[in-house]
Amino acid sequence: VLDPETLALKREERADLPDWTNLTHQQCPNCPLKPADSPRCPTAVALVDVIDSFKDSLSSVEADVEIVTDARTYKKHAPLSAGVSGLIGLVMSTSGCPILDKLKPMVREHLPFATLKESLYRFLSMYTLAQFLRGWKGKVTPDLDLKGLIGFLEDLRTVNRAFCQRLYAVCRKDASLNALVHLDCFADNTQFFLKRKGLDDLARYFHAHLD
C-alpha cells in the first residue's frame, strides 16, 4: 500500500523485527544514515514480510504471477524470481532509503515483466526528466549530458550487493536472492549500455525530432 501523494510505503509497525534489519548489519558502504538517528535499515524493515514469505522458495519454481492495478491486470507464467523481483523492487524503491528514493518516479509508472530495453527506456526517461525538473526548480545545473548517471547506477549496484549479503543470514532458498541479482543485472546492463554508446541505438527511433 503506497501513499498516493508521496508514493511512500505504508506498513504496520512490527515489534518483533529480526536482527538482520539493524542498520549496522551488513550496512551498505554508501549508506548516509547513522545508527543514532535510524537504528533500523528502512529497506530491511519494509522487506521483512516479503522475505518471510519467500525465504524457503526456489527461484526456478514456475508460478502464475498476477499484478492487479487500477488501470489493468498483468499475468504471466514465469519463474518465481521474476515475480518476487518486481515486488522487491517496488518495496525497496518506496521504503524510505535515501539512495533508492530516486527511483520513485519509476514506481509511479511501474511496468511489470518489462524487458531490458523497456526498462532502459523508462529509466533514462526518468533520469532526464528529473534533470529538467532540477533546472526548472532553479536548484542546480541539470545533468543533461548524463555524467552523473553512471555514479547513480554504481550507488544502486552497491546497495543491491550489500543487501544480498544482508539476506544471506535469513534466506534458506534462493528466490529472494536471485530476485535481487536480477535488479543488480539491470543496473549493470544499463552501465554497459551507456559506456558502449548505446544511446545511438535509441536515437534512431527519434529521427523525426533530430532531423
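Where is Ser119 found? Ser119 sits in helix 4, which spans residues 116-136. The model that places it there is predicted. Ser119 has a relative accessible area of 13%, so it counts as buried. Set aside the neighbours within four places in sequence, and Ser119 touches Met106, Ala114 and Phe186.

Glu118 lies in helix 4 as well. Its relative accessible area is 35%, which makes Glu118 partly exposed. Again leaving out neighbours within four places in sequence, Glu118 is in contact with Leu111 and Phe113.

Now take the whole chain. The protein chain holds 8 helices and 2 strands. Along the sequence, the pattern reads α-β-β-α-α-α-α-α-α-α. The radius of gyration is 18 Å, close to the 17 Å that the globule rule gives for 211 residues, so the chain is as compact as a globular protein of that length. Along the principal axes, the C-alpha atoms fill a box of roughly 60 × 45 × 35 Å. Of the 211 residues, 39% are buried. Contacts can also be sorted by sequence separation. Among contacts with a separation of 6 or more, 63% join residues 24 or more positions apart.

Helix packing comes next. Start with helix 1, residues 42-54, and helix 2, residues 80-93. Their axes are 9 Å apart, and the helices pack at an angle of about 160 degrees. An angle over 145 degrees counts as roughly antiparallel, so helix 1 is roughly antiparallel to helix 2. The crossing of helix 1 and helix 2 is right-handed. Helix 1 brings Thr43, Ala46, Leu47, Val50, Ile51 and Phe54 to the contact. Helix 2 brings Leu80, Val84, Leu87, Ile88, Val91 and Met92. By class, the contact of helix 1 with helix 2 has 11 nonpolar residues, 1 polar residue and no charged ones.

Helix 1 also packs against helix 5, residues 147-167. What is the angle between helix 1 and helix 5? The angle is about 55 degrees, and the axes are 13 Å apart. That makes helix 1 oblique to helix 5. The crossing of helix 1 and helix 5 is right-handed. From helix 1, the contact uses Thr43, Ala44, Leu47 and Ile51. From helix 5, it uses Phe163, Arg166 and Leu167. By class, the contact of helix 1 with helix 5 counts 5 nonpolar, 1 polar and 1 charged residues. Look back at the helix 1 residues. Thr43, Leu47 and Ile51 take part in the contact with helix 2 and in the contact with helix 5.

Helix 5 leads back to helix 4. The axes of helix 4 and helix 5 come within 12 Å and cross at roughly 120 degrees. The two helices are therefore oblique to each other. Helix 4 passes helix 5 in a right-handed crossing. On the helix 4 side, Phe123, Leu124 and Tyr127 make the contact. By class, the contact of helix 4 with helix 5 has 7 nonpolar residues, 1 polar residue and no charged ones.

The segment before helix 1 deserves a separate look. Leu7 belongs to this segment. Most residues other than glycine have a negative phi. Leu7 has a positive phi of about 65 degrees although it is not a glycine. Is Leu7 buried or exposed? Leu7 is buried, because its relative accessible area is 16% and the cut-off for buried is under 20%.

Gln26 is found in the segment before helix 1 too. Its phi is near 50 degrees, again a positive value in a residue other than glycine. The relative accessibility of Gln26 is 42%, so Gln26 counts as partly exposed.

Glu12 has its place in the segment before helix 1. At 74% relative accessibility, Glu12 counts as exposed. How far is Glu12 from Thr190? The two residues are 178 residues apart along the chain, and 35 Å separates their C-alpha atoms.

Notes: Residues are numbered from 1 along each chain as its sequence is written. This is a predicted model: local features need pLDDT of at least 70, side-chain atom pairs count only at pLDDT 80 or more; totals for chains, interfaces and linings use all residues. Side-chain values use heavy atoms; hydrogens and water are left out. Axes are lines fitted to C-alpha atoms, for helices over the stretch in contact, and angles run from 0 to 180 degrees between N-to-C directions. Helices (H or I, at least four residues) and strands (E, at least two) are DSSP runs, numbered from the N terminus. Angles under 35 degrees count as roughly parallel, over 145 as roughly antiparallel, 65 to 115 as roughly perpendicular and the rest as oblique. A crossing is left-handed if the near helix is turned anticlockwise from the far one by less than a right angle, and right-handed if clockwise. Contact means heavy atoms within 4.5 Å. Ala, Val, Leu, Ile, Met, Phe, Trp, Tyr, Cys and Pro count as nonpolar, Asp, Glu, Lys and Arg as charged, and the others, Gly among them, as polar. The radius of gyration is taken over C-alpha atoms; the globule rule is 2.2 Å times the number of residues to the power 0.38. Buried means under 20% relative accessible area, exposed over 50%, partly exposed in between (1.4 Å probe, protein chains only).
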